[in-house]
Amino acid sequence: MADYRQMWKDLGMDLELHDQLCEVLPTAFGDVYLSQEDRPESMDYYNFVVSEIHGVRPAELIESQKKGGKVFGTFCVFVPDEIIFAADAIATGLCGGSQFWVPGGEKVLPTNTCPLIKASVGARLEKTCPFFRIADMFVGETTCDGKKKAWEILAEDVPIHVMDMPQMKRQKDLDAWTNEISIFKNKVEEFTGNEVTSEKLSQAIKLINDKRRALKRLYEFRKNENLPISGKDVLLISQIAFYDDPTRFASMTNKLCDELDERVKNNISVFTAGTKRIMLTGTPMAIPNWKLHHIVETSGGAVVVEETCTGTRYFENLVDETKTIIDEQIEALTDRYMKINCACFTPNTGRIDDILRLAKEYNVDGIIDVNLKFCNLYDTEGYFVERALKEAGIPVLGIETDYTDQDAEQLRTRVGAFIEML
Ligand code: BJ8
């Protein structure tokens with residue numbers, strides 16, 4: 001990796017602690033990713049992005065700040081990136097996916113908070129992630145109680161704007177979300193000094209839709225009987241989508257898809273015939289959380305689709321590109337975003353419909369309902385998810401886990417037994 005120490009120092013990072021993180025990541029990546037055989041050559045790009053994860057992209061963000069640009073850090077797929085890019089600013093996902101950051105979060109949060117929240121707060125407060133140092137403003141949302149309260153703690157350290165999420169999807173809730181997007185637009189305009197015009201918003205809608213189209217194209221390959229790419233690799237790509245430059249990301253992902261087209265023509269599969277096709281559903285898997293994919297794919301299974309926010313919920317449904325008046329464009333954003341079925345809504349039956357539809361589309365043999373420890377929303381909703389799957393005759397395994405390796409062996413046994421019986 002190139003030398004970024006000066007940059008990290010200038011960002012006020014804790015270099016000593018950060019060195020510890022830099023030591024473990026390459027080994028973890030090597031074990032999980034580079035050990036795979038016959039990976040598509042175009043994965044080199046994503047390998048490079050990970051190897052320079054705290055270097056290349058942070059340097060680009062700092063470059064844009066030097067030219068007067070602002071960077072917004074986000075934690076939820078409901079925050080409309082389109083508004084941010086339309087104001088000539090940059091959005092970057094900030095969710096923490098490493099156990100390394102959890103103890104830092106536990107210093108200020110109750111232990112029984114989900115690891116995603118603890119890691120995100122720890123990464124900021126312990127000064128060990130450049131993205132958390134660079135973001136000029138954080139954008140939170142009122143999705144779950146843990147996040148809501150965590151924003152108040154983070155707000156003591158960094159400017160934060162919180163979007164008020166409706167809890168239901170009645171017309172008045174959709175109107176409320178349209179209003180929230182308008183408030184957010186005003187905030188972003190004020191903070192950046194740039195107006196979000198309808199032309200700019202049109203361009204940004206197209207920009208983010210292009211990223212969604214690239215991801216959708218990638219996911220289509222996973223419907224094939226012969227799988228030209230592993231689930232682990234697709235997870236990595238989805239995780240990188242949250243912080244890479246959107247134009248470059250779409251172009252690199254389309255390039256990879258061209259290679260996958262060739263693989264499909266030549267019947268190349270990275271799994272042996274008979275490998276069981278597994279869907280994961282549940283809470284998001286923020287980078288570098290590769291735990292369950294790795295266990296599944298080294299236990300006789302292939303992950304073929306994720307009904308998660310680092311999966312289909314991130315890219316399904318496009319924003320209508322035909323609107324040219326700002327109010328209508330904002331309504332189009334509401335239409336698209338309110339189709340995301342997160343467990344923070346009540347009721348959330350749309351998610352069950354999604355899972356059943358995806359199970360058919362991707363021809364899955366079994367589903368693992370995986371939830372981060374202490375996520376009350378997804379854990380409770382698991383009751384309906386697992387019942388619906390049983391009724392549909394689809395085998396399901398419910399799992400609760402965190403970012404530690406403590407349960408890895410036990411999970412391996414349970415996942416192995418589940419795949420065995422499919
Ligand atoms: S739209 S899933 S990204 S809220 S896992 S922090 S819910 S306690 S991440 Fe999410 Fe938006 Fe929903 Fe998606 Fe809370 Fe649960 Fe933790 Fe969660």
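Helices (H or I, at least four residues) and strands (E, at least two) are DSSP runs, numbered from the N terminus. The views below show a predicted model, in which local features need pLDDT of at least 70, side-chain atom pairs count only at pLDDT 80 or more, and totals for chains, interfaces and linings use all residues. Residues are numbered from 1 along each chain as its sequence is written, and side-chain values use heavy atoms, with hydrogens and water left out.

**View A. Helix 16, residues 326–337.** This helix of twelve residues reaches 16 Å from its first C-alpha to its last, close to the 16 Å expected at 1.5 Å a residue; the expected span is 1.5 Å times one less than the number of residues. Its buried residues (under 20% relative accessible area, 1.4 Å probe, protein chains only) are Gln329, Ile330, Ala332, Leu333, Thr334, Arg336 and Tyr337. Among the elements that cover them are helix 5 (81–86), helix 10 (171–192), helix 11 (198–220) and helix 15 (312–315).

**View B. Met279 in strand 5, residues 276–282.** Met279 counts as buried because its relative accessibility is 0%. Leaving aside residues up to four places away in sequence, Met279 touches (heavy atoms within 4.5 Å) Val305, Glu307, Ile355, Leu358, Ala359, Val364, Gly366, Ile367 and Ile368.

**View C. The residues around the ligand.** The shell divides into eleven nonpolar, two polar and two charged residues. Here Ala, Val, Leu, Ile, Met, Phe, Trp, Tyr, Cys and Pro count as nonpolar, Asp, Glu, Lys and Arg as charged, and the others, Gly among them, as polar.

**View D. The largest cavity.** On a 1 Å grid over the protein atoms alone, a cavity is a set of points where a 1.4 Å probe fits but cannot get out, and lining residues have an atom within 4 Å of a point. The largest cavity has a volume of about 90 Å³, a volume being the space filled by probe spheres set on the points. Its lining consists of Thr283, Pro284, Met285, Asn289, Lys291, Leu292, Val370, Leu372, Thr401 and Asp402.

Definitions and conventions: A residue is near a molecule or strand if one of its heavy atoms lies within 4 Å of it. Buried means under 20% relative accessible area, exposed over 50%, partly exposed in between (1.4 Å probe, protein chains only). On a 1 Å grid over the protein atoms alone, a cavity is a set of points where a 1.4 Å probe fits but cannot get out, and a pocket is an open set with protein on both sides within 12 Å along at least five of seven lines; lining residues have an atom within 4 Å of a point.
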